[in-house]
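Here is a short tour of one model, written to be read alongside the coordinates. Have your viewer ready and follow along.

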Amino acid sequence: MAKYLGLHETLDLHELLSFKNLCLTKATTMSALAQDEELKAILSDEVTAGIHHIQQLQQFLTDRRDKQ
């Protein structure tokens with residue numbers, strides 16, 4: 001299996017990374033404004049998952065740069 005990403009794949013990863021960063025920012029902001037405890041818990045879970053997803057996407061980009 002190839003260990004290198006094509007240019008279009010790299011651009012797609014950047015687009016996904018931007019989207020996940022936007023989602024993380026929104027979930028963080030809204031959790032500070034939310035008053036319902038259940039909603040706060042859902043947003044907190046979303047923040048945790050978002051951070052994990054962003055780290056995974058960054059790992060793809062970092063691995064690609066290290067191998068060139």
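In α1, the buried residues are Thr 10, Leu 13, Leu 17, Lys 20, Leu 24 and Ala 27. Keep in mind that this is a predicted model. An α-helix has 3.6 residues a turn, so residues three or four places apart point the same way.

The largest nonpolar core holds 10 residues: Leu 13, Leu 17, Leu 24, Ala 27, Ala 34, Leu 43, Val 47, Ile 54, Leu 57 and Leu 61. Two or more of these residues come from each of α1 (7-33) and α2 (37-66), and α2 gives the most, with five. In soluble globular proteins, nonpolar side chains tend to be buried together.

Which residues does Leu 13 touch, leaving aside its neighbours within four places in sequence? Leu 13 is in contact with Leu 5, Leu 57, Phe 60 and Leu 61.

Finally, some totals for the protein as a whole:

| Property of the protein | Value |
|---|---|
| Buried share of the 68 residues | 21% |
| Accessible surface | about 5,400 Å² |
| Share of that surface belonging to carbon and sulfur atoms | 59% |

As for contacts between residues at least 6 apart in sequence, 69% join residues at least 24 apart.

Note on methods. Residues are numbered from 1 along each chain as its sequence is written. This is a predicted model: local features need pLDDT of at least 70, side-chain atom pairs count only at pLDDT 80 or more; totals for chains, interfaces and linings use all residues. Side-chain values use heavy atoms; hydrogens and water are left out. Buried means under 20% relative accessible area, exposed over 50%, partly exposed in between (1.4 Å probe, protein chains only). Contact means heavy atoms within 4.5 Å. Accessible areas come from the Shrake-Rupley method with a 1.4 Å probe; for residues, only the protein chains shown count as cover. A nonpolar core is a set of buried Ala, Val, Leu, Ile, Met, Phe, Trp, Tyr and Cys residues joined through side-chain atoms within 4.5 Å. Helices (H or I, at least four residues) and strands (E, at least two) are DSSP runs, numbered from the N terminus.
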